[in-house]
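Hi,

Here is the structure I promised to pass on.

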Amino acid sequence: MKALYLLLALSLFAALGFLVPASLPFEAATSLPFLIIAALGAALLMLALWKQLDFLAAPGFMLLIAAAGLVAWRGSQPLFSLSSICASLVAWDLVSYGLLLRYTAEPLNRRLFRRKLRRLGVVLVVGWGLGALALLLKLQLGFGLLLLLAFLVVLSLALSMMYLRRRDETSG
C-alpha cells in the first residue's frame, strides 16, 4: 500500500508542478488562484484515499482539471497543461484503485498492482502522445465533421464500456 501512496504523491506533485511553469507568464496575483484550486483538488484526492471517502475523489479530480484548463485558457504553454491533466488522471486512477482495494480481502497483490501500473503507463504514454500530437497539428475541420467525430468518440466509449461490463459479468 505504501507504493500506492508514493505513486499518488508523485503524480499529485507532477500535476501541481506542471502548473507552476505554466502559470509563470502571468502575474503572481493572477496565477495564485489557479494554484490554490489545484492544491485544493490534490488535497481532496489525498483525503478521499486517506479517509476512504468515495465522494471526494471526483471533485478533487475536477478541480485539478479545471485549474489546468484555466491556465491553458489564459494562454500558457499547452504542453504543461496537458502534462498536468495526464498526471491528474493518474492520481485519480490511483485513488480510485486504492478505494477499490478496501473491498478485497488482500491488502495489495503485487502481481495485480504491477499489471495495473503497466496498463496505466501505456494509457498515460499513448494519451499524452496523442494529446501532444493534437497540439502540434493544426487542422481546419468543419462543424459537421467535428460533430461526426464527437459522435464516433461517444459511441466507441459506450461500446467499450458495454464490452467491459459483459466481460466482467461472464468472468465473475
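Predicted model: local features only at pLDDT ≥ 70, side-chain atom pairs only at ≥ 80, totals over all residues.

The axes of α1 and α4 come within 8 Å of each other and cross at roughly 160°. (Axes here are lines fitted to C-alpha atoms, for helices over the stretch in contact, and angles run from 0 to 180 degrees between N-to-C directions.) That makes α1 roughly antiparallel to α4. On the wording: angles under 35 degrees count as roughly parallel, over 145 as roughly antiparallel, 65 to 115 as roughly perpendicular and the rest as oblique.

Residues are numbered from 1 along each chain as its sequence is written, and side-chain values use heavy atoms, with hydrogens and water left out.

Back to that pair. α1 passes α4 in a left-handed crossing (left-handed if the near helix is turned anticlockwise from the far one by less than a right angle, right-handed if clockwise). On the α1 side, the residues in contact (heavy atoms within 4.5 Å) include Leu4, Leu8, Phe18 and Leu19. Their partners in α4 include Phe80, Ala87, Leu94 and Tyr97. By class, this contact has 18 nonpolar, five polar and no charged residues. (Ala, Val, Leu, Ile, Met, Phe, Trp, Tyr, Cys and Pro count as nonpolar, Asp, Glu, Lys and Arg as charged, and the others, Gly among them, as polar.)

**The chain as a whole**

The protein chain has six helices and zero strands, giving the pattern α-α-α-α-α-α along the sequence. Helices (H or I, at least four residues) and strands (E, at least two) are DSSP runs, numbered from the N terminus. Taken along the principal axes, the C-alpha atoms fill a box of roughly 50 × 40 × 25 Å.

Among the residues making the contact are Leu82, Cys86, Asp93 and Tyr97 of α4, along with Phe113, Lys116, Leu120 and Trp128 of α5. The classes are 15 nonpolar, two polar and two charged.

**Pockets**

The largest pocket holds about 870 Å³ of space. To be clear about the term, on a 1 Å grid over the protein atoms alone, a pocket is an open set of points where a 1.4 Å probe fits, with protein on both sides within 12 Å along at least five of seven lines; lining residues have an atom within 4 Å of a point. Grid points are joined across faces, edges and corners, and a volume is the space filled by probe spheres set on the points.

Of the 19 residues lining the largest pocket, Asp93, Lys116, Arg119, Val123 and Leu164 are the closest to its centre. The elements giving two or more residues to this lining are α4 (78-101), α5 (110-136) and α6 (143-171), and the largest share, nine residues, comes from α5. The lining has 11 nonpolar, two polar and six charged residues.

The second largest pocket has a volume of about 200 Å³. It is lined by 10 residues, and those closest to its centre are Tyr97, Leu100, Leu101, Thr104 and Leu112. α4 gives the most to this lining, with three residues. Its classes are seven nonpolar, two polar and one charged.

Cheers
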